[in-house]
2 protein chains.
Amino acid sequence: MFEIIAEPNRRAILSLLVSSQQSVGEVERQLRMPQPTVSKHLRVLREAGFVESTVDAQRRLYRLKPEPLQEVDAWLAPFRRFWSAHVDALERHLDRMDQKTPTKRKTRRRR
Amino acid sequence: MFEIIAEPNRRAILSLLVSSQQSVGEVERQLRMPQPTVSKHLRVLREAGFVESTVDAQRRLYRLKPEPLQEVDAWLAPFRRFWSAHVDALERHLDRMDQKTPTKRKTRRRR
DNA sequence: AGAGCATATACGTGTCAAGGTATATAAAGG
DNA sequence: CCTTTATATACCTTGACACGTATATGCTCT
């Protein structure tokens with residue numbers, strides 16, 4: 001999952017598909033990458049469940065599937081808790097600074 | 001950034017550090033990986049800004065830094081909008097189903 | 001049926017990164 | 001000092017993967 005999105009071209013493709021579905025040729029043109037490259041990355045993305053495709057005559061339309069990126073999001077959850085705790089600690093620290101050196105301030109602390 | 005967290009051992013190390021700072025030896029024992037492996041991954045993590053270290057006699061204590069993972073989080077933002085839009089669409093679809101085939105249900109739709 | 005377009009796949013090549021083993025650096029303690 | 005403990009680094013090997021080029025598959029339209 002993380003290996004999939006580690007590849008810059010694949011991230012570009014995903015970012016492109018977030019707005020709407022695209023054919024291989026459209027991706028090829030917008031991202032200016034050779035067609036086999038696009039096809040190969042789309043294959044990887046499809047097999048990993050990041051996208052799915054439907055057939056439209058000779059074209060294949062690829063669209064995003066939410067699940068894998070939701071898992072990435074879920075993995076981040078504990079870290080989000082960590083860094084919001086960090087911000088809190090910083091704020092408490094600044095509060096102490098405020099007490100020790102009472103100087104004119106505009107607005108601080110507005111929860 | 002994404003390359004960094006693509007490596008499973010590094011993700012394990014990050015997950016370990018989210019609770020509190022750890023020395024190299026503590027990581028080594030808890031994750032049961034050889035010491036050079038731990039040191040090398042920590043070096044990569046440090047150079048990418050995911051962790052920082054302080055010296056405690058012969059030990060080095062590594063702790064998490066929030067910024068890089070926050071960037072990952074930021075990259076995910078557009079996709080979050082995408083999949084919440086998707087849930088909404090699904091709900092609207094189910095609402096239509098409800099109207100067309102009015103059958104006994106326990107609880108549905110409780111925003 | 002044949003030409004042309006859209007997409008997929010096969011194959012060869014180069015690069016890079018992770019792991020293992022060995023060794024270096026450095027501080028602590030007897 | 002010398003040994004032990006803690007961590008970092010060097011070197012080598014191996015495997016995976018991304019790319020380019022060439023070719024195959026498959027659909028459409030005349």
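A salt bridge is a side-chain nitrogen of Lys or Arg within 4 Å of a carboxyl oxygen of Asp or Glu. This is a predicted model, where local features need pLDDT of at least 70, side-chain atom pairs count only at pLDDT 80 or more, and totals for chains, interfaces and linings use all residues. Residues are numbered from 1 along each chain as its sequence is written, chains are lettered from A and ligands numbered from 1 in the order in which they are written, and side-chain values use heavy atoms, without hydrogens and water.

Q: Why is the pair Asp73(A) and Arg80(B) called a salt bridge?
A: The closest N and O atoms of Asp73(A) and Arg80(B) are 2.3 Å apart. The limit is 4 Å, so the pair qualifies. The rule finds 2 salt bridges across the interface of chain A and chain B.

Q: What makes Tyr62(A) a polar contact of DNA strand C?
A: A polar contact is a pair of N or O atoms within 3.5 Å; within protein, one must be able to donate a hydrogen and the other to accept it, and residues adjacent in sequence count only if both atoms are side-chain atoms. A polar side-chain atom of Tyr62(A) lies 2.5 Å from a phosphate oxygen of DNA strand C, so the pair counts.

Q: How many residues of chain A are in contact with chain B?
A: Contact means heavy atoms within 4.5 Å. By that rule, 22 residues of chain A touch 24 of chain B.
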